Amino acid sequence: MAITKEDILKALSYVEEPDLGKDLVTLNMVEDVQVDGKNVSFTVILTTPACPLKDMIRNACVRAIHTMVDKDAEVTVNMTSRVTTARTDNAAVVGGVKNIIAVASGKGGVGKSTVTSNLAIALAESGARVGLIDADISGPSMPTMFGVEDERPRMIQGDHGKNYIVPIEKFGVKMMSIGFLTPADGAVIWRGPMASSALKQFISDVDWGDLDYLLIDLPPGTSDIHLTMVQALPVTGAVIVTTPQKVALADAMKGLQMFRQPQINVPVLGVVENMAYFTPAELPENKYYIFGEGGGKALADKYEVPLLGQIPLVQSIRENGDAGTPVVLQNDSPASGVFRELAQAVAQQVSVRNATLGKTQPVEIKS
């Protein structure tokens with residue numbers, strides 16, 4: 001019997017999206033079904049270009065067609081993506097941004113900015129449209145991390161005559177930092193309200209355009225900046241960065257609990273354990289747990305959130321960060337693969353969050 005489109009869709013209705021727990025047809029992830037004799041083709045719309053389950057889904061689709069339709073069918077599965085969002089359609093603030101991800105640590109010195117910069121580039125390399133706000137007003141790191149310390153943003157005029165800042169773009173990431181607006185050797189000595197005002201300007205007065213992910217690199221602690229962010233933006237979720245060390249975990253725990261406060265209630269996407277172990281370049285199979293072992297996993301298990309990744313302590317991460325060429329760009333470095341896997345894990349959790357939780361709204365905090 002001749003193969004029909006209905007046969008293909010029925011077979012694909014038995015292929016489950018592993019993260020979302022429903023089949024591809026129910027999730028409207030199958031489009032453009034074409035049948036020409038025994039030649040079958042269709043497109044699967046993934047929830048993110050960084051999907052780590054791409055090959056698994058492709059193989060399951062081919063297997064379903066061969067098992068339920070025709071074992072001799074020539075099956076072509078085209079994979080593309082449409083990043084999901086849990087924002088309202090008429091979002092007034094940064095309306096072209098689908099997902100806003102806060103990256104926090106609670107404690108300084110755990111490599112949060114290094115993780116954020118490499119995560120942003122890895123997401124961009126996967127095909128996503130990515131922006132990055134350096135919200136550490138007193139200690140901006142992103143201009144150095146991206147090698148753009150001497151760049152200065154320009155202004156454009158938008159609708160109704162309002163002026164907008166054009167973000168600096170490097171390695172496929174649009175970014176804004178106070179470091180672009182102040183002398184590199186000058187200290188930003190501002191009280192909380194001034195720092196909060198600067199963050200608000202980065203949110204509302206920057207021409208971000210259409211983005212799949214906007215990452216916000218937060219300063220240490222739980223301060224005015226954090227409250228300003230959750231009040232000004234509907235944050236999709238938070239990523240917590242820590243080292244395995246007990247003193248870092250104590251502060252990371254406070255940072256995680258801040259997002260879980262009933263009046264804030266921002267979903268925690270997971271924990272990243274940075275400097276998880278030391279691996280010398282000449283002995284790549286060896287692991288030395290300088291800052292302790294298993295702390296990040298213990299934190300993730302305690303609060304029932306995923307451990308998104310364990311980043312090794314290797315010299316090239318520091319060297320590339322100082323050189324303005326984050327290590328994820330170096331394909332020959334084992335660390336680059338770790339950051340790509342982290343990007344896949346974060347994108348995966350964003351998709352799950354958008355499919356299972358309600359729409360995000362800015363937080364109303366009553367004084």
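Q: How much space lies in the largest pocket?
A: About 330 Å³, a volume being the space filled by probe spheres set on grid points that are joined across faces, edges and corners. This is a predicted model, where local features need pLDDT of at least 70, side-chain atom pairs count only at pLDDT 80 or more, and totals for chains, interfaces and linings use all residues. Residues are numbered from 1 along each chain as its sequence is written, and side-chain values use heavy atoms, with hydrogens and water left out.

Q: What makes a residue part of the lining of a pocket?
A: On a 1 Å grid over the protein atoms alone, a pocket is an open set of points where a 1.4 Å probe fits, with protein on both sides within 12 Å along at least five of seven lines, and a lining residue has an atom within 4 Å of a point. For the largest pocket, 14 residues line the space, with Thr-279, Pro-280, Ala-281, Val-314 and Pro-334 nearest its centre.

Q: Which helix gives the most to that lining of the largest pocket?
A: Helix 10, with 3 residues; helices are DSSP runs of H or I with at least four residues, and strands are runs of E with at least two, numbered from the N terminus. Helix 9 (315–323) and helix 10 (334–356) each supply at least two.

Q: How many charged residues does the lining of the largest pocket have?
A: None: 10 are nonpolar and 4 polar. Asp, Glu, Lys and Arg count as charged, Ala, Val, Leu, Ile, Met, Phe, Trp, Tyr, Cys and Pro as nonpolar, and the others, Gly among them, as polar.
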